[in-house]
Amino acid sequence: MTAKKKSAKLLKCPTCRMPVHTEDEDFPFCSDRCRKIDLGKWASGVYKISSPVLDPEVLEDLGGPGTTRGGSSDES
Ligand SMILES: [Zn+2]
């Protein structure tokens, strides 16, 4: 006898398909991480690919622009 009340509307996170509340802080994403991932996809044009890109390396790459890489600056 389980009667759930549909008080809060549930949508799915476009990044990881997790259920997200419309009243959530990071709506329509389940978390700030997924939001950044989604923005990163649009920015880099990865959204053309239908397959999801959820590699840890991608997450780190989108984590912050201030991350120091191997010092690969070719600018003279
Ligand atoms: Zn998500």
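How many helices and strands make up the secondary structure of the chain? The chain has two helices and two strands, where helices (H or I, at least four residues) and strands (E, at least two) are DSSP runs numbered from the N terminus. This is a predicted model, in which local features need pLDDT of at least 70, side-chain atom pairs count only at pLDDT 80 or more, and totals for chains, interfaces and linings use all residues. Residues are numbered from 1 along each chain as its sequence is written.

**Layout and packing**
- Starting at the N terminus, the order of elements is β-β-α-α.
- Taking contacts between residues at least 6 apart in sequence, 9% join residues at least 24 apart; a contact means C-beta atoms, placed from the backbone, within 7 Å.

**Backbone features**
- R17 lies in the loop between strand 1 (10–12) and strand 2, and its phi is positive, near 65°.
- R17 counts as exposed because it has 11 C-beta neighbours inside 10 Å.
- P28 sits in the loop between strand 2 (19–21) and helix 1 (32–44), and the peptide bond from F27 to P28 is cis, with omega near 5°.
- Most residues other than glycine have a negative phi, and most peptide bonds are trans.

**Confidence**
- The chain has a mean pLDDT of 75, and 50% of its residues reach 70 or more; pLDDT is the predictor's confidence in each residue, from 0 to 100.
- Among the elements, strand 2 has the highest mean pLDDT (92) and helix 2 (residues 56–63) the lowest (64).

Technical notes. Two residues are in contact if their C-beta atoms, placed from the backbone, lie within 7 Å. A residue is buried if 20 or more other C-beta atoms lie within 10 Å of its own, exposed if 12 or fewer, and partly exposed in between; C-beta atoms are placed from the backbone.
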